[in-house]
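Student: I would like to learn how to read the features of a model like this one. Please take me through them in turn.

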Amino acid sequence: MSNTMAIRPYRFALATVIGLAAVAWIVSVQVGTLQAAMTESAPVPAAQIPQPITDAINAPDRPAADKALDAGRKPDQIMAFYGIQPGMKVADIFAGGGYMTELFSRIVGSKGTVYSQNGPFGEKFKKVGDSWNERLKEPALKNVVQVNKPFDAPDLLPVPPGSLDAVLIHLNYHDMVGFKLNRENVNLQVFKALKPGGIYGIVDHSAKPGAGDTETTTLHRIDEDFLIKDVEKAGFKLTGASAALRHPEDDRSWNVFKHRGETDRFMLKFVKAPAVASESMR
């Protein structure tokens with residue numbers, strides 16, 4: 001047998017091993033991606049929505065304009081996923097007209113507090129600012145602290161460090177990015193204000209994977225992975241996600257105002273991890 005003939009079986013075996021290894025790697029990547037997608041929790045069954053949340057949403061004196069948005073926004077799912085309950089101290093960052101602020105206020109009740117923050121409103125958004133100011137005058141919202149501070153304020157949230165249970169940004173993180181507001185400061189101030197184990201919740205419109213921040217001012221969408229990396233730079237840890245606001249039929253190519261309430265949205269839960277004691281302190 002020639003040397004060439006002896007080498008051929010070895011080459012064939014080596015090629016087979018390499019080929020199988022490549023297939024195994026591809027399969028592992030696909031499985032890993034599938035598992036990542038499966039980490040989203042299912043919507044909370046209606047019967048399991050806590051009563052304080054249901055009562056707040058169905059309150060007879062809640063504005064009709066707010067109730068008209070409920071079917072698309074699903075505030076019951078949002079509040080249940082983030083575990084908002086009576087007695088909590090929470091903040092609504094970039095509160096806009098105050099839709100979420102009002103719900104927070106009604107859920108946390110008289111023993112809780114809500115910090116509703118907006119930066120300065122330009123002339124273009126004057127109506128939104130007027131709506132927010134008027135809303136916070138309602139007797140039902142007497143547990144709300146109005147916060148008129150720019151996003152780069154070092155004292156963005158007027159609370160002692162480590163005192164808040166939860167902070168939410170609802171559909172406005174992409175605007176912070178698009179308007180080039182100081183979101184790094186926002187994330188750091190939120191981290192500072194939250195208790196160890198406190199929740200930082202962000203809901204926003206999904207852009208196509210890999211879009212990054214390129215569609216924040218055009219389609220008003222943001223890439224989920226881009227946002228996760230952005231927030232985790234402040235020290236937060238992503239610990240949960242919900243599929244309750246997903247719309248698979250949305251191809252993510254249209255402006256979100258075209259079909260309000262019908263966009264594919266991600267709902268992410270970040271947590272301020274408790275500080276780990278050093279060896280000398282144990």
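Student: Are glutamate 102 and arginine 135 buried or exposed?

Tutor: A note before the reply: this is a predicted model. Burial is read from relative accessible area, and buried means under 20%. Here both glutamate 102 and arginine 135 are buried.

Student: What do the side chains of glutamate 102 and arginine 135 form?

Tutor: They meet in a salt bridge, with an N to O distance of 2.8 Å. Glutamate 102 belongs to helix 5 (residues 99-108) and arginine 135 to helix 6, so the pair ties together parts that lie 33 residues apart in sequence.

Student: How many salt bridges does the count come to?

Tutor: The count is 16 salt bridges. Another of them joins the side chains of aspartate 250 and arginine 221, at 3.0 Å from N to O. Aspartate 250 sits in the loop between strand 6 (236-242) and strand 7 (265-272), and arginine 221 in the loop between strand 5 (194-205) and helix 9 (224-232), so this pair ties together parts 29 residues apart in sequence. Both aspartate 250 and arginine 221 are buried.

Student: Which residue forms a salt bridge with arginine 246?

Tutor: The partner is aspartate 264, and the closest N and O atoms are 2.6 Å apart. Arginine 246 and aspartate 264 are each in the loop between strand 6 and strand 7, 18 residues apart. Salt bridges can also be read as networks when they share partners; in this case Glu40, Glu224, Arg246, Arg252 and Asp264 are joined into one network.

Student: Why does aspartate 264 count as buried?

Tutor: Aspartate 264 counts as buried because its relative accessibility is 3%, and the cut-off for buried is under 20%.

Student: How should I read the chain as a whole?

Tutor: Begin with the secondary structure: the protein chain has 9 helices and 7 strands. Then take burial, where 45% of the 282 residues count as buried. Next come the contacts between residues at least 6 apart in sequence, of which 74% join residues at least 24 apart. The accessible surface comes to about 14,900 Å², and carbon and sulfur atoms account for 60% of that.

Student: Which residues make a nonpolar surface patch?

Tutor: Phe125, Val128 and Phe179 make a patch of about 230 Å². Phenylalanine 125 is found in the loop between strand 2 (113-118) and helix 6 (126-135). With a relative accessible area of 34%, phenylalanine 125 is partly exposed.

Student: What volume does the largest pocket have, and which residues lie nearest its centre?

Tutor: Its volume is about 1,100 Å³. The lining of the largest pocket has 41 residues, with Gly96, Gly97, Val128, Asn172 and Asp175 nearest the centre. Elements that give two or more residues to this lining are helix 3 (64-73), helix 5, helix 6 and helix 7 (173-178). Helix 3 supplies the largest share, 6 residues. Val128, named here, is also part of the nonpolar patch.

Student: How many cavities of 30 Å³ or more does a search of the whole structure find?

Tutor: The search finds 1 cavity. A cavity differs from a pocket in that a probe fits inside but cannot get out. About 40 Å³ of space lies in the largest cavity. Its lining consists of Met79, Tyr82, Ile84, Phe104, Ala166, Val167, Leu168 and Gly201. Strand 4 (residues 164-170) gives the most to that lining, with 3 residues.

Notes:
Residues are numbered from 1 along each chain as its sequence is written. This is a predicted model: local features need pLDDT of at least 70, side-chain atom pairs count only at pLDDT 80 or more; totals for chains, interfaces and linings use all residues. Side-chain values use heavy atoms; hydrogens and water are left out. Helices (H or I, at least four residues) and strands (E, at least two) are DSSP runs, numbered from the N terminus. Buried means under 20% relative accessible area, exposed over 50%, partly exposed in between (1.4 Å probe, protein chains only). Contact means heavy atoms within 4.5 Å. Accessible areas come from the Shrake-Rupley method with a 1.4 Å probe; for residues, only the protein chains shown count as cover. Patches are made of residues with over 30% relative accessible area and no salt bridge: like charges are joined within 9 Å, nonpolar side chains (Val, Leu, Ile, Met, Phe, Trp, Tyr) within 5 Å. A salt bridge is a side-chain nitrogen of Lys or Arg within 4 Å of a carboxyl oxygen of Asp or Glu. On a 1 Å grid over the protein atoms alone, a cavity is a set of points where a 1.4 Å probe fits but cannot get out, and a pocket is an open set with protein on both sides within 12 Å along at least five of seven lines; lining residues have an atom within 4 Å of a point. Grid points are joined across faces, edges and corners, and a volume is the space filled by probe spheres set on the points.
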